[in-house]
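Please consider the structure shown below.

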There are 2 protein chains.
Amino acid sequence: MKNIIVGQSGGPTSVMNASLCGVIKEAQESKFEKIFGMINGIEGFLQDNVVELQNFSDEELEILKTTPSAYLGSCRYKLPNDYNDEIYKLIFKKLSEKNIGYVLYIGGNDSMDTINKLSRYADMIMSKVRFIGIPKTIDNDLLCTDHTPGFGSAAKFVATATRDIIMDAECYKSKSVTIVEIMGRHTGWLTASSIIARGEHDANPALIYLPEIEFDAFEFIQSVKHELEKKDNVVVCVSEGIKDKNDKFICEYAVKTNKDIFGHTNLTGSSKYLEELIKEKLGVKVRSIELNVLQRSSALTLALADVCDAENVGREGVKVAIDGYNGYMISIERDENDNISYETVNVSKVCNKEKKFPLEWIKDKNDIAEDFIKYITPIIKGSVDIVRDDFGMPKYIRRG
Amino acid sequence: MKNIIVGQSGGPTSVMNASLCGVIKEAQESKFEKIFGMINGIEGFLQDNVVELQNFSDEELEILKTTPSAYLGSCRYKLPNDYNDEIYKLIFKKLSEKNIGYVLYIGGNDSMDTINKLSRYADMIMSKVRFIGIPKTIDNDLLCTDHTPGFGSAAKFVATATRDIIMDAECYKSKSVTIVEIMGRHTGWLTASSIIARGEHDANPALIYLPEIEFDAFEFIQSVKHELEKKDNVVVCVSEGIKDKNDKFICEYAVKTNKDIFGHTNLTGSSKYLEELIKEKLGVKVRSIELNVLQRSSALTLALADVCDAENVGREGVKVAIDGYNGYMISIERDENDNISYETVNVSKVCNKEKKFPLEWIKDKNDIAEDFIKYITPIIKGSVDIVRDDFGMPKYIRRG
């Protein structure tokens with residue numbers, strides 16, 4: 001039997017190691033002799049930077065499952081569109097040298113592009129190496145899947161942190177505005193999750209702004225002013241990627257931006273800009289808070305359902321690879337009773353595309369409908385008993 | 001028997017409600033007929049904004065104990081230095097109207113100023129009302145106590161979040177610098193706690209800068225450069241209150257600052273300034289992260305020892321008030337075997353003063369000595385089983 005290799009790619013999540021754990025477990029049970037791991041994804045693989053994972057113990061796997069970020073290290077590496085590029089030959093040469101027949105890649109829509117290209121190249125050269133994508137993104141923006149592993153735990157962090165910020169903001173009597181900036185470059189799934197922080201007793205977060213709706217600064221100021229008439233402390237949640245009618249990111253008004261190799265604009269600073277705007281227009285006490293990378297790398301807000309999904313898509317990936325599938329991603333299907341099953345979807349339908357937050361789940365341009373809460377509840381529910389260290393802090397496993 | 005009243009004041013912590021819980025429990029057991037709570041501290045009390053707390057159930061108290069921020073609401077209110085001011089007469093008139101004989105105030109060094117003044121005024125007018133301070137601050141900067149309730153859990157948040165940020169930062173191969181900005185206006189206790197995030201496998205956080213040491217931008221750049229030669233991803237922790245040799249806050253180079261009513265400068269932005277500085281001088285990928293208010297309002301990083309301390313100082317406060325103490329704060333004493341006891345200290349020794357981080361616990365200007373780890377370990381250890389809601393998120397209790 002051929003060997004198997006797994007890599008991690010793109011932005012970290014809290015459960016992408018749960019997927020790795022699923023891959024290793026299933027591969028161990030399937031009696032693979034060698035289970036390789038790419039260090040820093042395909043980029044490291046090209047430099048022969050690989051480790052062997054077959055000897056992971058059950059105890060180590062248990063800690064790995066709740067260790068955030070990418071145990072193997074990640075990369076942002078785009079394969080060339082030209083299949084005549086030498087890099088393809090090189091990759092298949094290296095796969096052959098290690099007698100690898102199965103490649104699993106845990107990542108988001110950019111990483112699925114890698115799987116798409118490699119699986120097509122394999123077909124072109126009539127190679128029998130199988131390429132399977134394991135979905136992973138906090139953004140929940142992959143097509144053809146009910147939700148993505150990583151989203152549930154990140155959403156739970158957003159909801160928990162927003163509630164904690166509300167608790168903090170509401171402790172003073174004096175009028176204040178707090179702006180919480182949440183990840184989500186072009187889609188509002190994570191920002192919408194802040195609605196879960198809205199309890200019975202209060203109406204914060206009072207306003208929620210997603211990138212799917214054109215942002216109007218004048219309307220924003222009016223809405224904040226209106227909320228300040230109703231309550232002392234107003235908490236507003238905004239996506240880092242909100243844009244105005246000129247298709248310009250709000251953060252671009254505040255800071256110089258730069259682009260990563262995929263051409264994405266690095267977006268933070270929307271909340272800082274809005275902080276200054278409110279200070280100027282309303283003269284009220286205001287602060288801005290970026291939730292930042294903790295959204296995607298916290299073990300304390302893991303959602304049980306999310307960890308299970310992540311492990312299961314990893315396991316399923318190994319199964320379908322053995323079954324001979326090539327160029328597919330594992331998807332999560334949900335029936336009307338919220339029962340989950342794992343299916344396969346042609347990766348070409350997923351890669352380089354984004355699933356927007358449904359417009360019908362956005363109320364009055366700055367609020368979230370009940371239907372979204374119904375959608376997200378099974379995804380974020382359940383807490384996870386994590387292994388802890390001597391300080392009572394989450395225990396993580398790291399490469400030596 | 002006279003009635004008792006309790007208030008909360010100053011910046012929130014994750015355990016100031018555990019102290020409130022301790023006060024309520026002890027007062028219930030001491031058979032007070034009325035246990036009053038000031039809404040928004042002495043400021044609300046002056047507006048007759050009080051609630052009754054004697055009917056809190058055990059179940060509600062259990063949730064209250066792990067609910068962050070101030071259940072009663074907080075304030076930042078400084079009593080006048082002039083004891084002839086009408087406000088003192090007014091306060092004692094209102095206390096008399098409600099037949100209150102005991103006043104407990106949960107707060108930091110500014111709040112202890114309130115207790116100091118009211119207890120002195122009580123002595124001056126030969127009132128029998130007893131005033132007791134319950135220590136509370138994430139900053140750990142109160143004199144005459146081994147540590148302060150609130151510090152342990154905030155320190156644990158800092159250590160946990162810093163470790164999560166390290167996990168995230170180290171997942172890419174490309175060179176990067178991450179600057180984490182931690183609370184602590186004039187003292188470095190919280191920032192020093194980030195040392196707990198330094199594991200066996202790595203040396204991040206590589207550099208730690210406290211306000212107790214004069215910050216030198218040139219040396220800083222040299223140190224970061226040196227660390228980048230040793231590792232791909234360098235994580236640096238800085239206090240929001242670092243100052244240069246001209247006694248100017250680093251953040252003042254970055255942003256306009258404003259002062260609160262105690263004359264404190266509102267300090268954030270040190271990390272943002274250092275981010276720009278590194279970008280300019282070293283041309284490496286760099287990002288800054290403010291840990292922000294979650295440091296002081298998270299239930300998920302509660303330290304068991306801290307919650308116990310907080311509840312116990314609340315209970316002890318009720319006991320010593322009944323015993324007739326006036327103008328005292330409850331302090332925490334530790335013996336050579338790390339056994340804890342609760343004592344009283346004259347509040348005039350505590351108020352308006354700050355306990356600095358010991359210079360002998362700072363190594364090479366930007367690192368923390370082992371002695372501090374020995375000091376902090378018993379303070380942050382132990383995790384707390386919190387009550388959770390249907391989503392598996394921390395369940396909080398709020399005023400109706």
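**Briefing: interface and sheet**

Between chain B and chain A, 22 residue pairs are in polar contact, both residues at pLDDT 80 or more; a polar contact is a pair of N or O atoms within 3.5 Å, where within protein one must be able to donate a hydrogen and the other to accept it, and residues adjacent in sequence count only if both atoms are side-chain atoms. The model is predicted, with local features needing pLDDT of at least 70 and side-chain atom pairs counting only at pLDDT 80 or more, while totals for chains, interfaces and linings use all residues. Residues are numbered from 1 along each chain as its sequence is written, chains are lettered from A and ligands numbered from 1 in the order in which they are written, and side-chain values use heavy atoms, with hydrogens and water left out.

**The side of chain B that touches chain A**

- Two or more residues each come from α6 (151–169), β9 (285–290) and α11 (370–380) of chain B; helices (H or I, at least four residues) and strands (E, at least two) are DSSP runs, numbered from the N terminus.
- The largest share, 11 residues, is given by α6(B).
- By residue type, this side holds 25 nonpolar, 19 polar and 16 charged residues; Ala, Val, Leu, Ile, Met, Phe, Trp, Tyr, Cys and Pro count as nonpolar, Asp, Glu, Lys and Arg as charged, and the others, Gly among them, as polar.

**Extent and salt bridges**

- In all, 60 residues of chain B are in contact (heavy atoms within 4.5 Å) with 60 residues of chain A.
- There are six salt bridges between chain B and chain A, each a side-chain nitrogen of Lys or Arg within 4 Å of a carboxyl oxygen of Asp or Glu.
- A salt bridge joins the side chains of B:Asp389 and A:Arg163 (3.0 Å, N to O).

**The sheet of chain A**

- Seven strands of chain A form an open sheet of mixed pairing, in the order β3-β2-β1-β4-β5-β10-β11; two strands pair if DSSP finds at least two bridges between them.
- At the edges stand β3 (50–52) and β11 (340–346) of chain A, each with a single partner strand, so one side of each has no neighbour in the sheet.
- Strand β10 (residues 328–334) of chain A pairs with β11(A) in the antiparallel sense over seven bridges.
- Within β11(A), A:Tyr342 is the residue opposite A:Ile332.
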